[in-house]
Amino acid sequence: MKAPKSIAIGLALLVVMTVSAQAAAGIQQARKQEAKPPAKASMPKEVAALIQEGLATRQGRQDFPFNVFKQLVLPAQGKDLFPVFFFKAKNGDLGYVPSASGSGEMETMLNAFFQFFQQDATGALKPFMGGKPMAALKTPGEGYSPEAEDWYSFGLTMPAGSYTLAMVLASPDMKKMSVAYTDVTLPSVDSLQNTLWPTEPVIVKAMEQVEPDQRLTIHRGNYLWGALQVVPNVAAETPSGENLEILFFVLGAAPKDAAAPRPVNDLEVNFEVQYSDGKPAIKWAPQPYESFFINQPLPLLQTLQTTDEKGTIVKTEKKPLPAGKYVLLCQVTDKVAGTKGETKVAFEVK
């Protein structure tokens with residue numbers, strides 16, 4: 001199995017800070033390059049009212065349909081974490097029009113608002129943090145269809161806790177508004193001291209270094225983590241014969257030397273592709289990593305052996321994993337602390 005791409009290693013060094021005393025307790029830190037939204041932000045009255053209308057039941061008004069269909073929880077600085085939220089909506093509902101620049105692109109100045117809530121001692125949901133992310137979006141004009149559905153993301157730094165997110169999308173003229181809700185739980189650093197928590201694996205289509213956001217921003221077809229832009233394979237589909245490139249983070253890993261200027265980890269990951277019934281389809285030799293940033297291309301090739309009537313192997317060959325649905329299991333061991341954890345992702349070979 002090939003080693004992680006050099007660009008990924010370089011990017012990891014760009015976005016990952018030196019581990020502080022918090023890391024000794026088991027959590028690494030990401031470079032604080034993303035801007036935090038204000039703790040208190042003005043919200044138009046009609047938006048605040050729309051949020052409250054459906055908050056209790058998590059079912060609000062939708063003048064046009066959209067939903068928050070996925071979330072990732074990534075590391076951030078200190079005890080904070082960086083949740084990323086993904087939502088889908090039709091092009092036509094978001095107000096795309098031909099760009100005034102004459103570039104041939106379609107663009108929109110979408111109105112978007114968010115509000116996080118937390119339960120108080122009585123169980124009532126109280127506002128925690130809210131704001132209005134920048135949503136100047138573009139999409140190619142060639143082949144544009146107002147009925148086509150694209151996905152979008154935004155992420156921000158938050159402290160540990162359990163939250164309810166209310167997200168509002170409104171047409172550029174604010175005549176149509178829709179709200180969607182989702183719950184998210186961010187684990188505390190203290191809860192990771194005696195265990196590993198590998199984040200959900202992302203199947204990567206592309207990854208590159210970019211300028212980090214200077215304010216909370218909605219992105220189309222990718223997400224940012226500091227200066228790292230990732231284009232995930234949201235459909236989790238891959239052609240037969242291609243590698244499956246994986247990206248995830250291991251929270252709770254202990255450094256070899258917490259006092260070192262740039263402490264390193266000693267992690268071992270066992271990757272295994274399983275059939276839908278849990279039986280192994282591909283196994284690889286354990287892979288060592290010195291960073292909690294795990295980026296690995298996995299060749300989807302099965303080793304097939306032919307034996308004679310005596311059971312002697314007479315032929316060994318490698319063939320692409322056949323079409324079908326599979327699960328990639330990632331089992332992680334911290335060789336320093338002896339802790340373990342696992343994470344998995346489903347995918348399909350077409």
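Modeller: Helices (H or I, at least four residues) and strands (E, at least two) are DSSP runs, and they are numbered from the N terminus. The model is a predicted one, in which local features need pLDDT of at least 70 and side-chain atom pairs count only at pLDDT 80 or more, while totals for chains, interfaces and linings use all residues. Residues are numbered from 1 along each chain as its sequence is written, and side-chain values use heavy atoms, with hydrogens and water left out.

Biologist: How many helices and strands are in the chain?

Modeller: The chain has three helices and 25 strands. Of its 350 residues, 47% count as buried, where buried means under 20% relative accessible area, exposed means over 50%, and partly exposed lies in between (1.4 Å probe, protein chains only).

Biologist: And among contacts between residues at least 6 apart in sequence, what share join residues at least 24 apart?

Modeller: That share is 68%, with contact meaning heavy atoms within 4.5 Å.

Biologist: Now the helix α3. Which of its residues are buried?

Modeller: In α3, which covers residues 45-55, the buried residues are V47, L50, I51, G54 and L55. They cover an arc of only 130° around the axis, so they sit on the same side of α3; the arc is that of the directions from the helix axis to the C-beta atoms. K45 and E53, on the other side of α3, are exposed.

Biologist: What do the buried residues of α3 pack against?

Modeller: They pack against the strands β5, β6 (125-131), β9 (161-170) and β10 (177-186).

Biologist: Staying with β5, is Q115 buried or exposed?

Modeller: Q115, in strand β5 (residues 111-119), counts as buried because its relative accessibility is 13%. A polar atom of the Q115 side chain lies 3.1 Å from the backbone oxygen of M129. Leaving aside neighbours within four places in sequence, Q115 is in contact with several residues, including I51, M129 and T164.

Biologist: And Q118, where is that?

Modeller: Q118 also has its place in β5, but Q118 counts as partly exposed because its relative accessible area is 24%. The C-alpha atoms of Q118 and F128, which are 10 residues apart along the chain, are separated by 6.2 Å.

Biologist: Switching to sheets, what is the order of the strands in the open sheet of four?

Modeller: The order is β1-β2-β8-β13, with antiparallel pairing; two strands pair if DSSP finds at least two bridges between them. β1 (66-75) and β13 (219-220) stand at the edges with a single partner strand each, so one side of each is left without a neighbour in the sheet. Inside that order, β2 (residues 81-90) and β8 (residues 149-155) pair over seven bridges in the antiparallel sense, and K88 stands opposite W151 in β8.

Biologist: Which residues of the largest nonpolar core touch the most other members?

Modeller: Of the 45 residues in that core, they are F271, V273, L328 and F347. A nonpolar core here is a set of buried Ala, Val, Leu, Ile, Met, Phe, Trp, Tyr and Cys residues joined through side-chain atoms within 4.5 Å. The largest share of this core, six residues, comes from strand β17 (residues 243-251). Apart from this core lies another, of 33 residues, with F66 and L186 among them.

Biologist: What pairs with β17 in the antiparallel sense?

Modeller: β17 and β21 pair in that sense over seven bridges, and N243 stands opposite P299 in β21. Strand β21 (residues 293-299) is mostly covered, with six of its seven residues buried.

Biologist: Back to glutamines: where is Q274 found, and which side chain does a polar contact join to that of Q274?

Modeller: Q274 is found in strand β18 (residues 267-275) and is buried, its relative accessible area being 14%. Its side chain is joined to that of E272 by a polar contact of 3.0 Å, a polar contact being a pair of N or O atoms within 3.5 Å; within protein, one must be able to donate a hydrogen and the other to accept it, and residues adjacent in sequence count only if both atoms are side-chain atoms.

Biologist: One last thing, what is phi of M174 near?

Modeller: Phi of M174 is near 65°, a positive value in a residue other than glycine, and M174 lies in the loop between β9 and β10. A236 likewise has a positive phi, of about 55°, although it is not a glycine. Most residues other than glycine have a negative phi.
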